[in-house]
Amino acid sequence: MYAVTVLFKIKEGRQDEFLPLMIENARLSLKDEPGCSRFDVCTDPARPGEVFLYEIYDDAAAFQVHLKTPHFLSFDKQVAAMIADKTVWTYSEVAA
């Protein structure tokens with residue numbers, strides 16, 4: 001099992017723009033990647049500017065496959081643009 005967690009901090013007022021990207025990436029990962037067994041996107045009303053992502057893959061190789069999928073590359077490009085304009089900040093952690 002290979003777990004990945006990412007905390008995204010989103011600028012106020014931009015959550016509605018960001019969450020659909022996250023949810024679509026999660027949906028396609030679970031649908032199209034046999035090595036992805038869990039992909040959750042969570043929010044907490046007490047922390048409205050934060051989105052927590054939790055992914056479980058069979059192993060590190062399955063996660064590396066995920067990083068090369070068209071849906072992830074599209075998501076990554078859009079998030080990179082949001083990071084560049086300071087809409088999104090991230091903190092990630094990977095554990096085997």
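## Model and confidence

In this predicted model, local features need pLDDT of at least 70 and side-chain atom pairs count only at pLDDT 80 or more, while totals for chains, interfaces and linings use all residues. Residues are numbered from 1 along each chain as its sequence is written, and side-chain values use heavy atoms, with hydrogens and water left out.

The protein has a mean pLDDT (the predictor's confidence in each residue, from 0 to 100) of 90, and 99% of its residues reach 70 or more. Confidence is highest in H2, at a mean of 93, and lowest in E4, at 82. Helices (H or I, at least four residues) and strands (E, at least two) are DSSP runs numbered from the N terminus.

## Largest pocket

The largest pocket holds about 270 Å³ of space. A pocket is an open set of points on a 1 Å grid over the protein atoms alone, where a 1.4 Å probe fits, with protein on both sides within 12 Å along at least five of seven lines; lining residues have an atom within 4 Å of a point. Points are joined across faces, edges and corners, and the volume is the space filled by probe spheres set on them.

The lining has 18 residues, and Val-6, Phe-8, Leu-53, Phe-72 and Ser-92 lie nearest the centre of the pocket. Two or more lining residues come from each of strand E1 (2-10), strand E3 (47-57), helix H2 (60-66), helix H3 (70-84) and strand E4 (88-95). H3 gives the largest share, five residues. By class, 12 lining residues are nonpolar, four polar and two charged. Here Ala, Val, Leu, Ile, Met, Phe, Trp, Tyr, Cys and Pro count as nonpolar, Asp, Glu, Lys and Arg as charged, and the others, Gly among them, as polar.

## Salt bridges

There are seven salt bridges in the structure, each a side-chain nitrogen of Lys or Arg within 4 Å of a carboxyl oxygen of Asp or Glu. Lys-9, Arg-47 and Glu-50 are linked in a network of such bridges.

Arg-14 pairs with Glu-17, with the closest N and O atoms 2.6 Å apart. Arg-14 is partly exposed at 24% relative accessibility, as is Glu-17 at 38% (buried is under 20% relative accessible area, exposed over 50%, partly exposed in between, with a 1.4 Å probe and protein chains only). Asp-40 and Arg-38 form a bridge with closest N and O atoms 2.6 Å apart; Asp-40 is partly exposed at 24%, and Arg-38 is partly exposed at 43%. In the bridge between Asp-32 and Lys-31, the closest N and O atoms are 3.4 Å apart. Asp-32 is partly exposed, at 43%, whereas Lys-31 is exposed, at 57%.
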